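Take a look at the structure below. This report walks through it in short steps, starting with single residues and ending with whole-chain figures.

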Amino acid sequence: MPLMTVENQSEKEKMKLLQTLTGHLGRVWSASWHPSGTIFASCGEDKTIHVWMKNDADRWIAETVLTKGHTRTIRDVAWSCCGHYLASASFDTTVAVWDKKSGEFECNATLEGHDNEVKSVTWSRSGGMLATCSRDKSVWIWEVHSAPDQEDEYECVAVLNGHTQDVKKVCWHPHEDILASASYDNTIRMYRQDAADNEWEMLEPMESHSSTVWSISFDATGKRLASCSEDKTIKIWQQYGPDNTLGIPCPDKGTVWKCVCTLSGFHTRSVYDIDWCKRTGLLATACGDDMVRIFREAADSDPNEPTFELLETVMAHYQDANKVAWHPVIPGMLLTASDDGKIKLWQYEDEA
Amino acid sequence: MAELENINPNVYKKCEDRKLTKDDEDEDVVDPFDEREIFDLIRNINDPEHPLTLEELHVLEQSLITVDNEKNSVSILFTPTIPHCSMATLIGLSIRVKLLRALPPRFKVSVEINPGTHASEHSVNKQLTDKERVAAALENTHLMEVINQCIGTPLK
């Protein structure tokens with residue numbers, strides 16, 4: 001009998017199911033917490049966005065269902081950091097931006113330009129920029145121009161063609177205007193503005209995964225990035241600057257990202273999503289084996305060769321888990337979404 | 001139809017129907033999915049360019065199907081008739097769609113090319129495994145018409 005097993009009862013109790021939410025028809029692809037943590041939005045193949053809030057009985061309910069924005073699957077949703085806007089990315093090649101200026105959620109802007117399915121959307125920390133990526137292999141950066149009593153305008157300021165295949169995910173740095181993207185071409189890329197001419201430039205591709213990179217997530221410092229892949233592994237990447245003590249050469253671009261840890265052998269199928277909690281440092285993954293797993297960096301971990309330990313594996317859904325999202329305010333609260341059409345809310349309690 | 005890629009494919013004999021046993025008719029006997037049952041679900045899929053089934057062209061063979069009913073996994077290897085077959089992705093997608101509709105959702109289905117039988121084996125397999133791209137393909141009405149023709153009633 002192994003000492004540590006997922007069947008172990010005491011371990012199971014660390015992950016407490018708070019609520020199971022139904023409402024979507026078919027696969028739920030993604031969900032996003034409002035920065036306040038009092039609302040979240042979800043989307044899926046039924047072409048709807050559900051906006052969930054707590055009712056008087058402290059249960060989450062679909063307060064609003066948005067049905068008119070898209071004609072095909074909605075692959076991703078994202079709240080702006082100010083909490084006033086919700087963006088949705090769809091296989092219909094468009095991105096819709098929703099707001100509540102009229103009192104009700106309304107789609108007040110549709111961003112067009114991608115040639116093919118849009119796979120992901122993300123807002124910069126400042127809220128002044130939006131990034132989208134598509135099956136058409138490109139990453140687009142949009143600037144938001146808003147003025148009081150005027151309609152918001154979105155201007156495409158960069159079309160970045162670094163990837164050679166379908167781009168699956170875009171994710172902004174937590175503090176700086178640095179964007180990361182993950183692709184079917186097995187690589188991750190980063191982009192930033194050149195201080196001299198404000199043009200967006202690409203850093204060297206980050207190569208290590210042996211298949212599609214499905215998702216990426218920065219840690220709270222923004223100096224580390226976690227990635228998950230079709231190759232069933234998780235990788236941790238560390239940023240090194242010109243002054244690094246390890247003597248890692250940094251090209252003219254200033255900093256370089258190195259893969260410092262690979263977590264293999266934990267996932268039995270494709271890993272579709274990863275989220276690095278900015279509050280607790282816990283890593284959560286959503287896997288095609290229906291499981292949700294939680295990892296934490298070991299206490300005696302060497303920052304240049306970190307080690308991570310698996311804290312919990314939970315059979316979260318009856319089909320593939322597609323999304324994991326840590327609550328922005330409550331430590332340990334986790335949202336998961338699946339092909340089984342369900343969204344679940346969990347509370348992870350550490351033994352400490 | 002445009003020019004056929006493989007003008008003169010080898011045609012093989014169909015296998016005999018599954019023999020019903022007493023247990024098959026007994027409602028109380030649990031009947032787990034096995035290789036033969038999966039094979040029966042897909043062997044009559046039509047080839048996109050010939051009026052023949054995937055079984056008759058030896059694209060599908062029962063011996064290249066693996067089922068683990070307990071672990072909810074079904075794995076299928078298919079053999080394109082020629083190594084440069086441009087229909088390989090479409091054939092794989094038809095097999096996927098047929099099983100998606102026929103099997104309970106608990107099953108994880110993998111459809112891949114029989115190793116060494118196609119020039120672009122890796123890229124076709126990668127596309128067929130990518131559930132997001134498969135989902136997008138299934139929303140393409142033109143493609144679905146073609147697939148539905150392939151998996152529709154077998155040609156006699």
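## A loop residue with positive phi

Asn186(A) sits in the loop that links strand S15 (178–183) to strand S16 (187–193) of chain A. The model is predicted. The phi angle of Asn186(A) is near 75 degrees. That is a positive value, and the residue is not a glycine. Is Asn186(A) buried or exposed? Its relative accessibility is 18%, so Asn186(A) counts as buried. The cut-off for buried is under 20%.

His58(B) is not a glycine, yet its phi is positive, about 60 degrees. His58(B) belongs to the loop between helix H2 (35–42) and strand S1 (65–68) of chain B. With a relative accessible area of 27%, His58(B) is partly exposed.

## An exposed residue in another loop

Now go to Glu112(A). Glu112(A) is placed in the loop between strand S9 (106–111) and strand S10 (118–123) of chain A. Its relative accessible area is 57%, so Glu112(A) is exposed. The cut-off for exposed is over 50%.

Which residues does Glu112(A) touch, leaving out those up to four places away in sequence? They are Thr94(A), Trp140(A) and Trp142(A). Met202(A) is 90 residues from Glu112(A) along the chain. The C-alpha atoms of Glu112(A) and Met202(A) are 23 Å apart.

## Cysteines without disulfides

A disulfide is a covalent bond that joins the sulfur atoms of two cysteines. How many disulfides does the structure hold? Over all chains, the number is zero.

Two cysteines show why. Start with Cys107(A): the closest cysteine sulfur is in Cys43(A), 14 Å away, and that is too far for a bond. A disulfide needs the two sulfur atoms within 2.5 Å. For Cys156(A), the closest cysteine sulfur is in Cys133(A), at 13 Å, again too far for a bond. Cys107(A) is partly exposed, at 30% relative accessibility. Cys156(A) is also partly exposed, with a relative accessible area of 28%.

## One helix of chain B

Look at helix H4 (residues 121–129) of chain B. Which of its residues are buried? They are Val124(B), Asn125(B), Lys126(B) and Leu128(B).

These buried residues of H4(B) have several packing partners in chain B. Two are strands: S2 (73–78) and S3 (108–113). Two are helices: H3 (88–102) and H5 (131–138).

## Chain A as a whole

Chain A has one helix and 29 strands. Its C-alpha trace spans about 65 × 55 × 30 Å along the principal axes. The radius of gyration of chain A is 20 Å. A compact globule of 352 residues would have a value near 20 Å, so the two agree. Of the 352 residues in chain A, 59% are buried. Now take the contacts in chain A between residues at least 6 apart in sequence. Of these, 48% join residues at least 24 apart.

What does the surface of chain A look like in numbers? Chain A exposes about 14900 Å². Carbon and sulfur atoms supply 47% of that area. Chain A carries 34 positive and 54 negative side chains. The centres of these two sets lie 5 Å apart.

Note on methods: Residues numbered from 1 in each chain as written. Chains lettered and ligands numbered in written order. Predicted model: local features only at pLDDT ≥ 70, side-chain atom pairs only at ≥ 80, totals over all residues. Heavy atoms only, no water. Helix = DSSP H or I, 4+ residues; strand = E, 2+ residues; numbered from the N terminus. Rg over C-alpha atoms; globule rule 2.2 N^0.38 Å. Buried < 20%, exposed > 50% of the residue type's maximum accessible area, 1.4 Å probe, protein only. Contact = heavy atoms within 4.5 Å. Areas by Shrake-Rupley, 256 points an atom, 1.4 Å probe, with all protein chains shown as cover. Lys, Arg positive; Asp, Glu negative; His and termini not counted. Charge placed at Lys NZ, Arg CZ, Asp CG, Glu CD.
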